[in-house]
Amino acid sequence: MLGKTFFLERAISRSLDWLGRYPALGCAGHDPESLSSGRQIVVAAATPRGVRCVFFSAVESVLDFSAAWAELERAKTWWYFVQRWCFWVVPDAKTLDAINPAGDHIEHLIVPTCAPSDLADAAFLPWLDAIEKRARQCGTLAVQSHDVETV
């Protein structure tokens, strides 16, 4: 299980309802004045065992992906690429450090408000709602990659 194949085998394509619920996140990859300054957004939360990521792709799909840290280590070339290609939204610095253990610079925003207590939808979706609310408020005020904000 390496790279894109690993991702595509694991990713769950979410329904169009998710795009309707999160239009600002879904369109961010096309808008230079968005939260991500025109980059695709990945919303990620970590546990000691692994990570859950929701990818809002530039082709207007929402892909939900989960993996254990050991699995990501085996797919590290792909994982390294995704870290640098996308704009990351995480609940805290601990998650950012877990995603990016080398400490390389990746563009990110920390949104602790409503941060998920676990990775189940019941906890994760209210957090996505808070991030969507923040993304809708962005307008021309794109967040700089080094900023840490609260919603």
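## Helix H7 and the sheet

Helix H7 lies across strand E2 (41-46), E3, strand E5 (87-90) and E6, and runs at about 140° to E2. Axes here are lines fitted to C-alpha atoms, for helices over the stretch in contact, and angles run from 0 to 180 degrees between N-to-C directions. Helices (H or I, at least four residues) and strands (E, at least two) are DSSP runs, numbered from the N terminus. This is a predicted model, in which local features need pLDDT of at least 70, side-chain atom pairs count only at pLDDT 80 or more, and totals for chains, interfaces and linings use all residues. Residues are numbered from 1 along each chain as its sequence is written, and side-chain values use heavy atoms, with hydrogens and water left out.

H7 has 18 residues. From its first C-alpha to its last it reaches 25 Å, close to the 26 Å expected at 1.5 Å a residue. The expected span is 1.5 Å times one less than the number of residues. The buried residues of H7 include Phe 124, Trp 127, Leu 128, Ile 131 and Glu 132. Buried means under 20% relative accessible area, exposed over 50%, and partly exposed in between (1.4 Å probe, protein chains only). Helix H2 (16-21) and helix H3 (23-27) are among the elements that cover these buried residues, along with E2, E3, E5 and E6.

## A buried glutamate

Glu 132 sits in H7, which spans residues 121-138. Its relative accessible area is 3%, so Glu 132 is buried. What does the side chain of Glu 132 reach? It reaches the backbone nitrogen of Leu 25, at 3.1 Å. Such a polar contact is a pair of N or O atoms within 3.5 Å; within protein, one must be able to donate a hydrogen and the other to accept it, and residues adjacent in sequence count only if both atoms are side-chain atoms.

Leaving out residues up to four places away in sequence, Glu 132 touches Arg 21, Tyr 22, Pro 23, Ala 24 and Leu 25. Contact means heavy atoms within 4.5 Å.

Now take Glu 9, in helix H1 (residues 3-10). Glu 9 is exposed, because its relative accessible area is 57%.

## The six-stranded sheet

Six strands form an open sheet, in the order E1-E4-E3-E2-E5-E6, with mixed pairing. The edge strands are E1 (12-13) and E6 (108-110), and each pairs on one side only. Two strands pair if DSSP finds at least two bridges between them. Strands of a sheet pair through backbone hydrogen bonds, either parallel or antiparallel.

E3 (residues 50-56) and E4 (residues 62-68) pair in the antiparallel sense, over seven bridges. Cys 53 stands opposite Phe 65 in E4.

## Salt bridges

A salt bridge is a side-chain nitrogen of Lys or Arg within 4 Å of a carboxyl oxygen of Asp or Glu. The count comes to 10 salt bridges. One of them joins Glu 71 and Arg 10, with the closest N and O atoms 2.4 Å apart. Glu 71 lies in helix H4 (residues 69-74) and Arg 10 in helix H1, so the pair ties together parts 61 residues apart in sequence. Glu 71 is buried at 13% relative accessibility, whereas Arg 10 is partly exposed at 29%.

Asp 64 and Arg 14 also meet in a salt bridge (2.7 Å, N to O). Asp 64 is in strand E4 and Arg 14 in the loop between E1 and H2, 50 residues apart. Asp 64 is buried at 4%, while Arg 14 is partly exposed at 23%.

Lys 76 and Glu 73 form another salt bridge (3.5 Å, N to O). Salt bridges that share partners also join Arg 14, Arg 52, Asp 64 and Asp 121 into one network.
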